[in-house]
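Subject: Structure for your review

Dear colleague,

Please find below the structure that I am handing over to you. My notes on what was found in it follow directly after.

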Amino acid sequence: MNVAFFDAKPYDRPSFETFGAQEGVHFKFFEAKLNEDTAELARGYDAVCVFVNDTVNAAVIDKLYAYGVRMIALRCAGYNNVDVRHCFGKIHVFRVPAYSPYAVAEHAMAMLLTSVRRIHKAYIRTRDNNFSLNGLTGFDLHGKTVGVVGTGKIGRVFIDICRGFGMKVLAYDKFPNPDAGLDYVDLDCLFAESDIISFHCPLTDETRHMVNRETIARMKKGVVLVNTSRGALIDAEALLEGIKARQVGAACLDVYEEESDIFFEDNSGHILNDDVLARLISMPNVILTSHQAFLTQEALHNIAQTTVENLVGFVRDGSCENELCYHCGKTDDCRKQRLKKCF
Ligand code: NAI
């Protein structure tokens, strides 16, 4: 099987080459992101392998289909960049639903601790022989209330970590899990009562800009926001205003609404054209990592293994438990519907 691998980075290659070689899958690594201009590169390949900032809209899907591509293997969990509905009846789409919830949850806590204990400031100071503590006063996490939005795999691990710190946890989920032993509250209550809010839900039409001017105004003054989910959960301009007004005490962002042309690349020789991002980065109480939360050895290993298994398993068995299938509602006798695999 030949797979065109888009947006390839050096850290992707070893694990994909290893698992691919074991299963007879040959990956051709392209540094370019997939979009309408680069789709041509996939001509004649059986599948494409894509990541979070590749564009898989209707136009790209039509091109891939015309070039003979029949499978799209997402090497990530989120699939908001894929028009799954347009793929229906043409191209099969697989994802990696879980590879290490610990990687993302631990990164969220790492950012939170860095922020509230000013580690990012101290690191720079001590390298410059500045051993002053002025301005580095933090606060205890113990006893604080953390609101967790989305209590799936990552949210639950993050909650366990927070409980280890002696924090009170409020949870909100559109589909609460009654067996999770969590204090579920409505979103308004969570926003109003949390000292820290961490986001672990998917980006959907419903969750887009769930943090906006209005909801920020209803949060506790000095609230700390942690977003390791998807950037567009937060209206970045509203966040900037909230920070300038001292309503938001700090923001820990691993994702950003307009990240796709910026994150994952070395732009150090260039001027940042995104004024909102530039202003956010300039704030002493904003910590930004560039969609790094997933990046552990364990996660890379699991991502490559599952991606290869998805492709090989589908070709062998004609089905894949990680397939995303649009809910067409057209047939009463659909195995995917019976298995609740439609989206
Ligand atoms: P999951 O599917 O296990 O959990 C998501 C939870 O969100 C579910 O419990 C679901 O019921 C809930 N949810 C759905 N719609 C909601 C809504 N409107 N409001 C509140 N909750 C809602 O997913 P998982 O593995 O925990 O991942 C969560 C998110 O983390 C992913 O959607 C992805 O965007 C992000 N992610 C970020 C990574 C990074 O490197 N920064 C890496 C992996 C995932």
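Is Arg118 buried, exposed or partly exposed? With a relative accessible area of 26%, Arg118 is partly exposed, because this class lies between the cut-offs of under 20% for buried and over 50% for exposed. Please note that the model is a predicted one.

Backbone and loops

Arg118 is placed in the loop between helix H4 (101–116) and helix H5 (119–127). Its phi is near 55°, which is a positive value in a residue other than glycine. Asn129 likewise has a positive phi, near 55°, and is not a glycine. Most residues other than glycine have a negative phi. Asn129 belongs to the loop that runs between H5 and strand S6 (145–149), and its relative accessible area of 61% makes Asn129 exposed.

Ligand site

The ligand is surrounded by 23 residues, of which Lys153, Ile154, Asp173, Thr228 and Asp254 are the closest. Sorted by class, this shell comprises nine nonpolar, eight polar and six charged residues.

- A backbone N or O atom of Ile154 is 2.9 Å from a ligand oxygen atom.
- For Lys174, a backbone N or O atom lies 3.5 Å from a nitrogen atom of the ligand.
- In Ser229, an N or O atom of the side chain is 3.5 Å from an oxygen atom of the ligand.

On its own, the ligand has 870 Å² of accessible area, and the protein covers 87% of that.

Val255 sits in the loop between strand S10 (248–253) and helix H10 (275–282). Val255 counts as buried because its relative accessibility is 2%.

Second largest pocket

The volume of the second largest pocket is about 310 Å³. This pocket is lined by 16 residues, and Ile262, Phe263, Asn267, Leu272 and Leu277 are the closest to its centre. Its lining consists of eight nonpolar, four polar and four charged residues.

A buried lysine

Lys9 is located in the loop between strand S1 (2–5) and helix H1 (13–23). At 11% relative accessibility, Lys9 falls under the 20% cut-off and therefore counts as buried. The side chain of Lys9 makes a polar contact of 2.8 Å with the side chain of Asp7.

Yours sincerely

Conventions: Residues numbered from 1 in each chain as written. Predicted model: local features only at pLDDT ≥ 70, side-chain atom pairs only at ≥ 80, totals over all residues. Heavy atoms only, no water. Near = heavy atom within 4 Å. Polar contact = N/O pair within 3.5 Å; in protein donor to acceptor, adjacent residues only side chain to side chain. Areas by Shrake-Rupley, 256 points an atom, 1.4 Å probe, with all protein chains shown as cover. Nonpolar A, V, L, I, M, F, W, Y, C, P; charged D, E, K, R; others polar. 1 Å grid on protein atoms, 1.4 Å probe; cavity = no way out; pocket = protein on both sides within 12 Å on 5 of 7 lines; lining within 4 Å. Points joined across faces, edges and corners; volume = space filled by probe spheres on them. Helix = DSSP H or I, 4+ residues; strand = E, 2+ residues; numbered from the N terminus. Buried < 20%, exposed > 50% of the residue type's maximum accessible area, 1.4 Å probe, protein only.
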